[in-house]
Amino acid sequence: MNFKKFEHKNILVTGASSGIGEAITYLLAQADANLYLAGRDWKKLSVVREKCMQSGSADASSKSDLDTDKADAAITDKVQIFQVDFSDTSSIDNFVSDITGKNIFFDYIILNAGISQRALTLDTDFEVDRKIMDTNYFGPVYLTKKLSGMLKSDQMVHIAVTSSISGLFGYPLRSAYCASKHALFGFFESLELEYENIKVTFLIPGRINTPISKSAVLGDGSAYAKMDSGQADGMDVNKCARIALRAIAKGKHRKLIGGKELLMVYIKKFVPSLFFKIARNISAT
């Protein structure tokens, strides 16, 4: 699909250094969007920026009469990176201050930063619950409120929120993760209902082949550091990104993305007793 709709638009992508956020970023670069990429890992963000500059949007140099140095500067300007820890409000404050100082208005905001969990509910330290909620829920909420001056204008802003099918039901070893993803629906759906200039698309992936399980946390906060077999066998992340951007371009309210695991959404809705039998016995890793 041609993502011409995103051409020259100012687009913020959080969690852009890996996984779905990274894959979405490359498609947007090819669409010649003006990209503002946020994530915790500066080194990985720098690599993503370099790849963006070599992709479709990097063709700016061939379309310009500028000398090479000026063309390279123009391309770099189209892909700006920001080190932001979304579990830390002061880090978000610094980011917003930087953006405000540059007088930037975002046409699209794609909220993708997040961490997962691999631990039983009663074996998870409360501080781990807090960390997951801070990153997955309070971080996006705080950022949104800090951008309220922009969002309260008459100009349309489209916010895409990456939740999860785990945000539609509970699941073993994911209590805090599920809670954080559930909460996103309540907040951002309310936001959309309150402001006519704000459009929200919920991206609801199932099992996607990304490193998210490797960065998941155990009950004591240490890294799980393994690739789940279910994750490894999941949908290709680039395919997921294409489906996600297509949903955003079409202004969809919700978009389920994944394979056969999406059946659980419908089983929970229509045959909840069967859902509980399956969810208790299916592998959570």
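**Close-up views of a predicted model**

**View 1. Helices α1 and α9 pack against each other.** Helix α1 (residues 19–30) and helix α9 (residues 237–249) meet at about 65°, their axes 8 Å apart. Axes are lines fitted to C-alpha atoms, for helices over the stretch in contact, and angles run from 0 to 180 degrees between N-to-C directions. The crossing of α1 and α9 is right-handed. In a right-handed crossing the near helix is turned clockwise from the far one by less than a right angle; anticlockwise makes it left-handed. From α1, the contact uses Gly19, Ile20, Ala23, Ile24, Leu27 and Leu28. From α9, it uses Val237, Asn238, Cys240, Ala241, Arg242, Ala244 and Leu245. Contact means heavy atoms within 4.5 Å. By class, the contact of α1 with α9 has 10 nonpolar, two polar and one charged residues. Ala, Val, Leu, Ile, Met, Phe, Trp, Tyr, Cys and Pro count as nonpolar; Asp, Glu, Lys and Arg as charged; the others, Gly among them, as polar.

This is a predicted model: local features need pLDDT of at least 70, side-chain atom pairs count only at pLDDT 80 or more, and totals for chains, interfaces and linings use all residues. Residues are numbered from 1 along each chain as its sequence is written, and side-chain values use heavy atoms, leaving out hydrogens and water.

**View 2. Helix α5 is kinked.** The kink in α5 (residues 126–146) is about 45° and is centred on Asp134. The bend at a residue is the angle between axes fitted to the seven residues ending there and the seven starting there. Helices (H or I, at least four residues) and strands (E, at least two) are DSSP runs, numbered from the N terminus. Buried residues of α5 include Val128, Ile132, Met133, Tyr137, Pro140 and Leu143. Buried means under 20% relative accessible area, exposed over 50%, partly exposed in between (1.4 Å probe, protein chains only). The buried residues of α5 pack against β1 (10–14), α4 (89–101), β4 (108–111), α6 (148–151) and α7 (175–194).

**View 3. Helix α4 crosses α5.** The two axes come within 10 Å and cross at roughly 35°. The crossing is right-handed. Thr89, Ile92, Asp93, Phe95 and Val96 of α4 touch Gly139, Tyr142, Leu143 and Lys146 of α5. This contact has five nonpolar, two polar and two charged residues. Phe95, in helix α4, is buried, with a relative accessible area of 3%. Not counting residues up to four places away in sequence, Phe95 touches Leu12, Phe82, Val84 and Leu143.

**View 4. Phe188 belongs to the largest nonpolar core.** This core has 46 residues; Phe106, Ile109, Leu143, Ile159 and Phe188 touch the most other members. Helix α7 gives the most to this core, with six residues. A nonpolar core is a set of buried Ala, Val, Leu, Ile, Met, Phe, Trp, Tyr and Cys residues joined through side-chain atoms within 4.5 Å. Leaving aside neighbours within four places in sequence, Phe188 is in contact with Leu111, Pro140, Thr144, Ile159, Val161, Val200 and Phe202.

**View 5. His8 and Asp32 have positive phi values.** His8 has a phi of about 65° although it is not a glycine. His8 lies in the segment before β1. Phi of Asp32 is near 65°. Asp32 sits in the loop between α1 and β2 (34–39). Asp32 is buried, with a relative accessible area of 13%.
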